[in-house]
Amino acid sequence: MTTNGQHSAHDHHAPEHSPRMHIATLAPEVYKAVIALEIAAKKGLDPALVELVKIRASQLNHCAFCLDMHTKDAIAAGESVERIVLLGAWEESRHFYTEKELAAIELTEAVTVLTDGFVPDEVYAHAAKHFEEAELAQLISVIATINVWNRFGVTTRLVPGHYTPGMYKN
């Protein structure tokens, strides 16, 4: 591995895949609309919390591109590697997160997975206890938006590893 974290040709890793399509180019109005949604959704929310939510949803959705982007953004914003790594097992590492963060992570899982076809009342009530109503509306919007990005990224097979913080200013 090279010093910048990229693998060299001599590492014998699997070859990098190609994206299936470039949705930003092929559906520019949709892409711009989701960017606008992204900007509006995160207004008034703690940026660290927003990154934790985006990382957790991206883990659940197996979106490598978004995981690459949001872990790098979180680290650049001062988030600890430990909290990012443990996010995948947050139930067993609750003491690394605030009660408010835990409520947001739990809501993120419920909204992202929708396994039972709904968000359980107790999950919503827990989030509502930690977020004012307008702030909760913003949080739900952030969760919905990262799920849109994840679905774009997974479906079009966006390639992780090339993102640097600040590449896409919004």
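**Close-up views of a predicted model**

**View 1. T108 and its neighbours.** T108 touches V53, R56, A57 and I143, leaving aside residues up to four places away in sequence; contact means heavy atoms within 4.5 Å. This is a predicted model, in which local features need pLDDT of at least 70, side-chain atom pairs count only at pLDDT 80 or more, and totals for chains, interfaces and linings use all residues. Residues are numbered from 1 along each chain as its sequence is written, and side-chain values use heavy atoms, with hydrogens and water left out. T108 sits in helix 6 (residues 99–113). Helices (H or I, at least four residues) are DSSP runs, numbered from the N terminus. T108 has a relative accessible area of 0%, so T108 is buried. Buried means under 20% relative accessible area, exposed over 50%, and partly exposed in between (1.4 Å probe, protein chains only). The T108 side chain also reaches the backbone oxygen of A104, at 2.7 Å.

**View 2. N61 in helix 3.** N61 belongs to helix 3 (residues 47–61). N61 counts as buried because its relative accessible area is 17%. Its side chain makes a polar contact of 2.8 Å with the side chain of N150. A polar contact is a pair of N or O atoms within 3.5 Å; within protein, one must be able to donate a hydrogen and the other to accept it, and residues adjacent in sequence count only if both atoms are side-chain atoms. N61 touches T112, N147, N150, R151 and V154, not counting residues up to four places away in sequence.

**View 3. H62 in a loop.** H62 lies in the loop between helix 3 and helix 4. Its phi is near 60°, a positive value in a residue other than glycine. H62 is exposed because its relative accessibility is 66%.

View 4. Helix 8 (residues 133–156) has 24 residues. From first C-alpha to last, helix 8 reaches 35 Å, close to the 34 Å expected at 1.5 Å a residue. The expected span is 1.5 Å times one less than the number of residues. R157 follows helix 8, with a positive phi near 55°. At 35% relative accessibility, R157 is partly exposed.

**View 5. I75 in helix 4.** I75 is in helix 4 (residues 64–76). Its relative accessibility is 44%, so I75 counts as partly exposed.

Technical notes: Helices (H or I, at least four residues) and strands (E, at least two) are DSSP runs, numbered from the N terminus.
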